[in-house]
Amino acid sequence: MELLLIVLLGLLYAAGVYMILRRSMVKLLLGIMLLGSGTNILIFLLGGITKGKPPVIDENAKLFQDVFADPIPQSLILTAIVISFGLTAFAIVLLKRVYALVNSDDLDDLNTPEEEDI
Amino acid sequence: MIDNHILAPVFIHLFSAILQLVAWRKTVTQRFISVGGSFLGLMLAIRLFTKVYNNGILTMNAANWEAPFGIVFVADLLSVTLVLLTSIAGFAVSIFSSTGLNRQRMLYGYFPIFHFLLMGLNGAFLTGDIFNLYVWFEVIIISSFVLMTLGGRKAQLEGAVKYMAMNILASTFFLTGIGILYGITGTLNMADLSIKITQVQNQYLVGITACFFLIGFGIKSAVFPLYYWLPSSYHTPPSAVAATFGGLLTKVGIYAIIRVFSLIFVLDTFTQNLLMGMAIFTIITGALGALIKTNIRRLFSYLIVCHIGFMIGGIAMFTKIALMGTILYLIHDIVVKTNMFLIAGVIRQLRGSMDMNKLGGIYKEYPKISLLIALVLFSLVGIPPLSGFWPKIYLFQEAFTQQQYVFVAALIIGSFVTMYVIAKMWSEVFWKDVPKDVEVENKFEPLPLIRKILLILPVGILAIVTLYIGLNAETIVQLVDKISDQLINTQPYVEAVLGKQN
């Protein structure tokens with residue numbers, strides 16, 4: 001399981017970095033999203049994976065007597081997913097507006113000279 | 001000491017933002033709520049500041065979960081000082097934007113978002129939990145995205161793409177760092193981390209994590225190889241927005257670097273050299289950029305980059321005197337940089353342009369306003385006894401003691417170029433006559449008196465704060481002395497959060 005996640009993590013990061021380095025705006029956005037997913041899996045992986053042991057205490061016991069899954073990485077990932085959802089939604093709208101104004105998907109075209117209407 | 005009032009500066013902005021959302025599209029009501037809310041926020045910040053100054057570090061456990069298990073908010077002297085400065089700058093910008101912004105932007109929710117931004121800033125300064133810091137950073141960047149794009153002009157949106165991409169990338173780096181840090185220590189509480197990090201076997205992994213944090217915060221605070229987004233986006237939004245960004249957003253990055261590298265990571269020689277190199281190049285590239293720009297706000301953007309280098313250099317040396325220099329500069333920089341962008345807004349109102357080639361003759365027409373602005377410019381350059389002068393003494397002194405002569409040279413170049421560009425700007429904008437072929441569009445003259453006052457008053461308030469910092473330097477230095485003591489010796493911070501250690 002760990003090995004699989006590590007490979008997936010590497011793939012996501014590599015693909016994300018590759019996409020960010022492309023010149024297209026849409027690919028930039030996809031790259032950022034892939035990097036974000038890679039980070040989430042990284043947190044999950046480094047939090048330690050415990051299979052089938054939820055952190056619920058037995059009714060009779062007062063303490064945890066077994067190895068149990070750490071709930072914190074999952075809550076961190078959940079928060080990060082929600083945040084990146086919001087950011088991505090905003091970014092998509094922004095890129096759409098920019099595309100409508102500039103009429104190009106190339107990041108190098110985003111250099112309109114100084115406008116004075118501020 | 002536990003105190004629930006720590007969060008008051010955060011909540012006041014949350015409440016005023018919500019109230020403004022209720023008064024959607026009623027711009028007059030929103031303006032009153034905004035100015036009132038910022039004023040209350042300032043009062044609460046002063047109250048919190050005096051409390052912490054007199055009683056020492058205050059903490060608050062969210063939902064009463066004991067540290068290190070729950071989220072903890074900590075108000076130490078550095079945090080409350082920055083909260084106080086944020087509130088002062090926020091109050092001034094709030095007054096300025098009540099008249100210096102066109103109505104269209106207000107209709108689409110400028111004021112609520114502005115208060116969400118201030119809430120995020122205050123939260124970031126007060127939190128004692130590294131993941132919570134990440135969440136506050138996200139609150140800050142999402143509000144700043146909206147502020148940056150509000151209005152929807154082409155140049156604005158183009159600047160926003162660069163700004164958005166780099167800031168999301170910075171957050172990803174930061175989150176990756178947090179993930180690794182949690183993996184190797186199993187805690188997120190900053191005070192707890194500072195204990196646990198020393199017990200980690202594999203110290204190389206700690207070094208790598210530190211680099212992730214450095215890159216993440218480096219993008220946010222605009223240091224040398226990572227600053228390109230700043231000059232290409234900060235000149236696009238309206239001046240009131242640019243003032244908040246220029247004064248406060250990059251400084252959160254600096255705050256985070258100071259906090260993380262004083263509390264969690266111990267600076268080793270490699271990181272120190274790295275930071276020092278970054279500082280030197282930041283100063284020089286920022287200065288070179290400022291030299292060639294003719295648009296005032298682009299020039300100011302490069303000056304922000306240049307002066308970030310001064311602070312990073314102080315952090316790199318990491319001794320008591322160097323930190324005093326850094327924090328004194330931070331205090332000075334927040335006030336002055338906010339004011340610079342407000343001044344750019346005033347100049348635009350007076351002349352309808354921000355291009356130095358099309359400006360001129362302001363001193364002749366408005367000598368009083370010009371003198372007020374001159375005071376701020378002198379302070380930025382660092383003419384004694386104004387506020388820009390004192391931090392440089394400490395930075396120079398410590399750089400000489402540690403024999404960092406390259407940094408000394410960079411400091412001299414940075415200060416000299418700042419003086420040169422400001423002198424150039426003064427003669428071009430204020431002294432020179434208006435060029436013959438340029439038609440002046442004076443939006444300031446037809447305004448009613450009350451709106452004129454509202455435009456100039458915030459510049460005046462911030463100028464008085466600058467003057468106070470400069471003339472009352474002894475008190476400020478005593479404060480900064482205490483702050484850097486807390487940063488060098490983190491024991492009181494850790495004890496305040498976790499209780500007495502055995």
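Modeller: Begin with helix packing, where axes are lines fitted to C-alpha atoms and angles run from 0 to 180 degrees between N-to-C directions. Keep in mind that this is a predicted model.

Biologist: What describes two packed helices?

Modeller: Two packed helices are described by the angle between their axes and the distance between the axes. Take helix α15 (residues 367-381) of chain B and helix α17 (residues 405-431) of chain B: their axes come within 9 Å and cross at roughly 165°. Angles over 145 degrees count as roughly antiparallel, and α15(B) and α17(B) are therefore roughly antiparallel to each other. Their crossing is right-handed.

Biologist: Which residues of α15(B) and α17(B) make the contact?

Modeller: From α15(B) come S370(B), L377(B), L380(B) and V381(B), and from α17(B) come T418(B), M419(B), I422(B), W426(B) and F430(B). By class, the residues of this contact are 7 nonpolar, 2 polar and no charged.

Biologist: How do I read a helix pair that spans two chains?

Modeller: In the same terms. The axes of α2(A) and helix α7 (residues 154-185) of chain B come within 8 Å and cross at roughly 15°. An angle under 35 degrees counts as roughly parallel, so α2(A) and α7(B) are roughly parallel to each other. The crossing of α2(A) and α7(B) is left-handed. Residues of α2(A) in the contact include L28(A), I32(A), L35(A) and L42(A), and those of α7(B) include I168(B), L169(B), L175(B) and Y182(B). The contact of α2(A) with α7(B) divides into 14 nonpolar, 6 polar and no charged residues.

Biologist: How many residues does each chain bring to the contact between chain A and chain B?

Modeller: Chain A brings 31 residues and chain B brings 29 residues. On the side of chain A that touches chain B, the elements giving two or more residues are α2 (25-46) and α3 (71-102) of chain A. α3(A) gives the most, with 14 residues. That side of chain A has 20 nonpolar, 6 polar and 5 charged residues.

Biologist: Now strands. How are the side chains of a regular strand arranged?

Modeller: In a regular strand the side chains alternate between the two faces of the sheet. In strand β2 (residues 72-75) of chain B, V72(B) and V74(B) are on one side and F73(B) and A75(B) on the other, and all are buried, with both faces covered. Strand β1 (residues 58-61) of chain B pairs with β2(B) in the antiparallel sense over 4 bridges. M60(B) stands opposite F73(B) in β2(B).

Biologist: Why does I304(B) count as buried?

Modeller: A residue is buried if 20 or more other C-beta atoms lie within 10 Å of its own. I304(B) is buried because 26 other C-beta atoms are within 10 Å. I304(B) lies in helix α12 (residues 296-317) of chain B. Leaving aside neighbours within four places in sequence, its contacts are A222(B), L230(B), G246(B), T250(B) and K337(B).

Biologist: How do sequence separation and distance in space compare?

Modeller: I304(B) and T319(B) are 15 residues apart in sequence, and 24 Å apart in space, C-alpha to C-alpha. I264(B) and I130(B) are 134 residues apart along the chain, with their C-alpha atoms separated by 10.0 Å.

Biologist: Where is I264(B) placed, and is I264(B) buried or exposed?

Modeller: I264(B) is in helix α10 (residues 239-264) of chain B. It counts as buried, with 22 C-beta neighbours inside 10 Å. Not counting residues up to four places away in sequence, I264(B) touches M190(B), L193(B), S194(B) and I197(B).

Conventions. Residues are numbered from 1 along each chain as its sequence is written. Chains are lettered from A and ligands numbered from 1 in the order in which they are written. This is a predicted model: local features need pLDDT of at least 70, side-chain atom pairs count only at pLDDT 80 or more; totals for chains, interfaces and linings use all residues. Angles under 35 degrees count as roughly parallel, over 145 as roughly antiparallel, 65 to 115 as roughly perpendicular and the rest as oblique. A crossing is left-handed if the near helix is turned anticlockwise from the far one by less than a right angle, and right-handed if clockwise. Two residues are in contact if their C-beta atoms, placed from the backbone, lie within 7 Å. Ala, Val, Leu, Ile, Met, Phe, Trp, Tyr, Cys and Pro count as nonpolar, Asp, Glu, Lys and Arg as charged, and the others, Gly among them, as polar. A residue is buried if 20 or more other C-beta atoms lie within 10 Å of its own, exposed if 12 or fewer, and partly exposed in between; C-beta atoms are placed from the backbone. Two strands pair if DSSP finds at least two bridges between them.
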